[in-house]
Amino acid sequence: MGFFKLSARDALLMVIFAAAVLLAPIWLKPFGAAYPDLLQKFAIFGLFAIGFNILFGLTGYLSFGHAAFLGIGSYTAVWSFKLLSMNVIPAVIFGTLTAGLLAVLIGFVSLRRTGIYFSILTLAFAQMCYNLAYSVLTPITNGETGLRVLRDDPMVLDRAVGVIQEGSPIGDFFGWQMQGFPAFYFCAAMLIIGFYVSLRIFRSPFGLKLRAIKSNQTRMRYTGFNTRPYLLLAFVISGMYAGMAGTLMVVTDPLAGAERMQWTASGEVVLMTILGGVGTLLGPILGAVLIKYFENIFSAFNTDVLHDVFSFMPDWLENFFVTIVHPFVGEGWHLTLGTLFMVIVIFLPGGLVEGFNRLFQRRKKKASSEAAGSRVATGGEKQATAEN
Amino acid sequence: MDAIFLQILNGLDKGGAYALIALGLTLVFGTLGVVNFAHGALFMLGAFCAVTFQKLLTLSKQVKDESITFFDAYKEIPYLEIWLGDTGAAIIDWAVPLSIFMAIPVMLVIGLIMERGLIQYFYKRSHAEQILVTFGLAIVLQEIVKSFFGANPIPTPAPDIIAGSANVGAWFGLGDSVVYPYWRMIYLVFALIVIGSVFAFLQFTTFGMVVRAGMADRETVTLLGIDVERRFTIVFGIAAIVAGLAGVMYTPILPPDYHIGMDFLVLSFVVVVVGGMGSLPGAVAAGFLLGILQSFASMNEIKSIFPGIDQIIIYLVAVVVLLVRPRGLMGRKGVMED
Amino acid sequence: MAERNIVLNIQDVNKTFGGLKALSHVNLQIEEGKTHAIIGPNGAGKSTLLNVCIGRLEPTSGSVTFNGEILTGKAPHEINQAGVVRVFQTPEIFPELSLLENVMIPALSKRDGAFRFNPFRRLADETDIRDEAESVLRDMGLLEQKDHHAGSMSRGDKRRLELCMGLVQHPRLLLLDEPTAGMSRADTNSTIDTLKRIKERGMTKVIIEHDMHVVFSLADKISVLAQGAIIAEGPPDEIRGNPKVQEAYLGGAHE
């Protein structure tokens, strides 16, 4: 009860979650996913998806422009590296804050509309940011080449203290170089904090009000709530998560490019969220991990690997399967992604978490069918009395 | 004056493409109530119809090159030229316009398959789910095209005879600087003809009347016992043809690559929103308007005052319109005004 | 002296839709602690009047004041926060939320006001809000189903839930739009009992109702609306015998 103000069940969830994240390098080993680059991606995109879910999952507002926040977070982080210090703490703070500011601006305008108009407005804003980053803002974003940290950048704080790294600059956490596993553990810590905040929001009256807005916004207004500030806060919070994810991308690799802001990146986070389960706590992270995992595996496949995989088959069958599967792997990973997108929306709009729940409940229902039967009986009785 | 006239001309052909795509989007949204993020992919498929047609026509046979005598040299000669001689060469030259005849049935079939196979199951689901599933479909379609045609733009030239530019300025008594490529002019005329035929079809046929009634009030029309759904399937097919033709004819202006559809789609959505969700004249007017605005914004004089304005003008207009007049320029009151 | 007791004052309200006159020169004063019924044939403008009161519609002319505060032109949430709460005729609930949550939302609105940012407060700690919601649910006989999804309930239960959502706000003025329409006789009677009980607590109510049984068992005063105008007003006994009212109803029924 007293544990970070969580209920016993949530405290348990939190402990298991934290343990699972921190021990990921061990238990992901059998899946071949235990190397730091991929683990970092899991944590970063998990954070991105958690944040997106606070908006889409709780309020039902589908933003198609969250990549803009990812991008601005990245650019700010690189500039924090360049101007202030290679220490990652200021980068994370500034990146998250600027993303929050941009979210205030975009949210203030976009939230005047709902439904598809909101989606299109956010998409339009994100495309605007993307186009600007490529063109006029080149002095800040370095256009197509991308923005990177150079050895002779000012780094005022570092020079003041007199700690200047040798070689190409790497993010630094008070002496820990943000590479490999230390970088993963930094991202993992951010993910755990992010998850904790999201858990608290889900369990708060604020979270309940957001869900009520999703369910019936008109009624919320007639119930005495000014819904717009609630929505704006949800939007800004989720934008800040995206910004933090953007800074973490830079923390692990001090480079920012405009393609990070493209709307396909916005679409990817939507897919992660719906794949795992919109509005669920763990779903978005699950979705992010699965997508990054399969992206990694599938992209590495080429025809030779495929022939290896299907080598147990007779030759003609092997060739047949390789031909079928080939367009979906390697360069064709996006084809798999698009197909997955459709399959999930068509067959499992609630995402994997809901799928599990449904399976689980069906089994539970079978077990307690007697109890259900008696409930039906009382319901019938009530109807009978009502008809009298 | 000349410069302004030129910019208007330059905006018109792009505006024509926007208008054609937005027209289909609006038709589909107004009748089926579906927000189709895969509509841009139809434009792209149309463009690749032209590419495929051109590839088919230029299927070649290796022939020994007689003009080189030192060693055995081979050159590729298209079968058409071998069989038909100069006529064959002319047909190949005219591949893009001719591919319209292939594109119409192909796009119709694609449209019908898409509607019956997927879209019809999403009539009753939320707009968010419609957006997501069609977004997925768009990715799938463009990736399929990518795996067949590669990632690079494929040049598909206009026929030689109309490859040059017209001195439009002279026609209107303006300076010689106003030149305008023939093909863009053809595109504009073509767009106007297609738009005109769609409007005429909706205005003067009983089928069109039912569709218009369905757009105005679907429930009532259904209550009248008219099978709206089957007609709407055909409407989707028509929208697919319109988008496809827009794509076919655009290939000489911009060599198509697999993501051309997405690029146009985002802009076309903005066009639809500016024009007014569900308003066909609005979509057309906004298409041309935004095309011209974009063309003006890319003038150096304007860019020097507002740097980068050419990149964002369309989105900026959309934002302003949505805030000031949420139903768009010509949208009906109450249609998705929230 | 009499002025002070008037809670809701509807002054010369007109409302036209295009050419159609939905309300014409409606004057209505609701006294504190009283139950005021508005009756009238279909299309008389009863729902329009309620919609004007809660800000869903803006009157073409005229004004609505609540305790001296002008309501016309205010946002719906401001009107609600001022203490005017409406119970909808077609249930406007939160279908994805549980019954308990459905009732906790208006209770939170009463406590938190139009906006309050408290992401780190625990819903589980809101025991007073929960207790209050549960007691209202108990009153309406819905407590046992408190964890069910509201969307899966029967229509009658949804209506009762609507009532719970209105009552939990302890409004100074409760507007009830046909609270028993579509209910069974037994449910109607239990709803009447509940409404009588809150009357004893002194809540002011305006009821729009078709069921004369409900009207005459609850109302202190009745206004009769026909074709957008008030044609009669008075205590129930007086209205019952009013020939104009009978004519309006019969005439309305024939149309």
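Author: Two strands are said to pair if DSSP finds at least two bridges between them. Please note that the model is predicted.

Reader: How many bridges join strand S1 of chain C to S2(C)?

Author: Strand S1 covers residues 6–17 of chain C, and S1(C) and S2(C) run antiparallel. Within this pair, Val13(C) stands opposite Val26(C) in S2(C). The number of bridges that join S1(C) to S2(C) is 8.

Reader: Which strands of chain C stand at the edges of the sheet?

Author: The sheet is open and has 4 strands in the order S2-S1-S4-S5, with antiparallel pairing. An edge strand has a single partner strand, so one side of it is left without a neighbour in the sheet. The strands in that position are S2 (20–31) and S5 (69–70) of chain C.

Reader: What angle does the direction of helix H1 of chain C make with that of S2(C)?

Author: Helix H1, residues 46–53 of chain C, packs on the sheet. H1(C) touches S1, S2 and strand S4 (61–66) of chain C. Its direction makes with that of S2(C) an angle of about 65°.

Reader: Which helix gives the most to the side of chain B that touches chain A?

Author: In this interface, 31 residues of chain B are in contact with 35 residues of chain A. Helices H6 (127–149), H12 (260–275) and H15 (309–324) of chain B each supply at least two residues of that side. The side divides into 23 nonpolar, 5 polar and 3 charged residues. With 14 residues, the helix that gives the most is H6(B).

Key
Residues numbered from 1 in each chain as written. Chains lettered and ligands numbered in written order. Predicted model: local features only at pLDDT ≥ 70, side-chain atom pairs only at ≥ 80, totals over all residues. Contact = placed C-beta atoms within 7 Å. Nonpolar A, V, L, I, M, F, W, Y, C, P; charged D, E, K, R; others polar. Axes fitted to C-alpha atoms, helices over the stretch in contact; angles between N-to-C directions.
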